[in-house]
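Have the structure open as you read.

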Amino acid sequence: MRFDLHMISSWITPGSRVLDLGCGKGDLLFYLQTQKQVRGVGIEQDEDNAAFCISRGLSVLHGNFIEEVADYPDNHFDYIVLSQTLQQVYAPEKLLQALLTVGSRVIVSFPNFSHWQVRLQLLLTGAAPRNEQFPYEWHNTPNIRIITLRDFRIFVRKIHGVILKSVAISSHHHETQGRIVRRFPNWRSTYGIFMIAGGSGGALPEREGRPLPPFSS
């Protein structure tokens, strides 16, 4: 399982109700169900991936995120996971607001466009950067958003959310190994992971702590 998914799984309480949006081949859901006994559901927009998840015995729907999420009642899930998918969403504000209604906590991860190698490549070449996290050409990329850690914090305030936890990591696209970045994360991390809640913060376990201060740089 990818390193960022290991980090996300460590935040999820055993036995909780989890919705995984853009669950891919279901690695996170499979792990959570077998190791943490969660009641998990996935929504996947790729038909082949959804079929593969079902073949693994997972409860996964093939469909549009916003349309499928609208069918659930308020606070139906303890956690909703949106991992390495936000940069491909057409209406992120609409989707996140819907998720904060349906779920008590939303965990989001995305590639950090302000990593120093991305900044340097853009400065020196004047062309759209390409690397392990952004491997596509500008004309065929599925990524329609470029997001930095700082951008996401500003966005959460805009939608009246609260950041409960955050971590910056250095890991390549599908690697199982990585490390946490504590110094200058907006420069040095390849991915950011955030746990957010609605403006009130919801009914949260004490161990999940208070909202964290913003990243520097």
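## Helix α5

Which residues are buried in α5? In this predicted model, the buried residues of α5 are P92, L95, L96, L99, L100 and V102. They sit on the same side of α5, because the arc they cover around the axis is only 165°. As a general point, an α-helix has 3.6 residues a turn, so residues three or four places apart point the same way.

The buried residues of α5 pack against β1 (17–21), α4 (65–69), β4 (77–83), β5, α7 and β8.

## Helix α7

Now turn to α7, which spans residues 149–158 and has L149, F152, R153, F155 and V156 buried. These buried residues line one face of the helix, since they fall within an arc of 160° when seen down the axis of α7. R157 and K158, on the other side of α7, are exposed.

Elements covering the buried residues of α7 include α5 (92–102), β5 (103–111), β6 (162–170), α8 (185–188) and β8 (191–197). After α7 comes H160, with a positive phi near 65°.

## The nonpolar cores

The largest nonpolar core contains 31 residues, and L21, L96, F152 and I196 have the most contacts inside it. α5 supplies the largest share of this core, with five residues. Another core, of 21 residues, lies apart from it and has W11, L32, V162 and L164 among its members.

What does F152 touch, leaving out residues up to four places away in sequence? The contacts of F152 are L86, V108, F110, I147, F194 and I196.

Notes. Residues are numbered from 1 along each chain as its sequence is written. This is a predicted model: local features need pLDDT of at least 70, side-chain atom pairs count only at pLDDT 80 or more; totals for chains, interfaces and linings use all residues. Side-chain values use heavy atoms; hydrogens and water are left out. Buried means under 20% relative accessible area, exposed over 50%, partly exposed in between (1.4 Å probe, protein chains only). Helices (H or I, at least four residues) and strands (E, at least two) are DSSP runs, numbered from the N terminus. The arc is that of the directions from the helix axis to the C-beta atoms. Contact means heavy atoms within 4.5 Å. A nonpolar core is a set of buried Ala, Val, Leu, Ile, Met, Phe, Trp, Tyr and Cys residues joined through side-chain atoms within 4.5 Å.
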